Amino acid sequence: MSKKHFLRGLRDGIPIGLGYFAVSFGIGISAHNAHLSIFQGFLLSFLNNASSGEYGGITIIAADSGLWAMALMMLVVNARYLLMSCALSQRLSPDTPLPWRLLIAYDLTDEIFGLAIAQPGYLEVWDYFGMCAAMPGWSIGTVLGVLMGNLMPVWAVSGCSVMLFGMFLAIIIPVGKQNRIVLGCIGVSFLCSLLASVLPFTRELSEGMRILVLTIVISAAAAILFPHKEDDLVA
């Protein structure tokens, strides 16, 4: 059973890894422009599996803004993973060992979370470990991006940068087609994100902070209006 679940997760994780590989080219080029070495670029992607977080960190490094600014930037931009971890922890079987929980927490990304949270019932950890085959794509792509430097044309870099959003849409749209509540939340999140980017107060917030606030508000409203029965979890 473990092998079967792992192979199923591997099937889902490899396409995501290919997308990560392409997207991380842009991260690597940014790291090169910030005068990071190949090893530093690799370590950045290995320890921080988030495109927005890495771009934010590289920006702080390039501006030489100091460690405190770096820590605050990482906290704000990556704070959404705290919410994802809380949600995913509720989908783990109570007898899941602590080392496995820690590994799952480390290998948590938006796309893998989307796949994992869409599974019915408790999350099968071997499925998740198979999905984590996507993770090396970040580091390998970043290393090659640093090597390429500024050799890639601007249009190619721009194309790679939007692939991540296309991948995420490919994950959430099928779930939305199956569940009207999820589809409604997707539509509301798009509208609220647009409004937050133009309204006087919210547009002054960082992108990471806007994502965090909208995630809390929309998910809390959905939980109150459309509560999820506990019986459905273990069905």
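I'll start with Glu204 and Arg203, whose side chains meet in a salt bridge at 3.8 Å, N to O. By salt bridge I mean a side-chain nitrogen of Lys or Arg within 4 Å of a carboxyl oxygen of Asp or Glu. Glu204 is exposed at 61% relative accessible area, and Arg203 is partly exposed at 45%. The classes are buried under 20%, exposed over 50%, and partly exposed in between, with a 1.4 Å probe and protein chains only.

A note on the source. This is a predicted model, where local features need pLDDT of at least 70 and side-chain atom pairs count only at pLDDT 80 or more, while totals for chains, interfaces and linings use all residues. Residues are numbered from 1 along each chain as its sequence is written, and side-chain values use heavy atoms, with hydrogens and water left out.

How many salt bridges does a search of the whole structure find? Three. In one of them, Asp12 pairs with Arg11, the closest N and O atoms being 3.4 Å apart. Arg8 and Asp127 also form a salt bridge, at 2.7 Å, N to O. That pair links distant parts of the chain, 119 residues apart: Arg8 sits in helix α1, residues 2-33, and Asp127 in helix α8, residues 125-131. Helices here are DSSP runs of H or I, at least four residues, numbered from the N terminus. Asp127 is buried at 2%, whereas Arg8 is partly exposed at 36%.

Notes:
Helix = DSSP H or I, 4+ residues; strand = E, 2+ residues; numbered from the N terminus.
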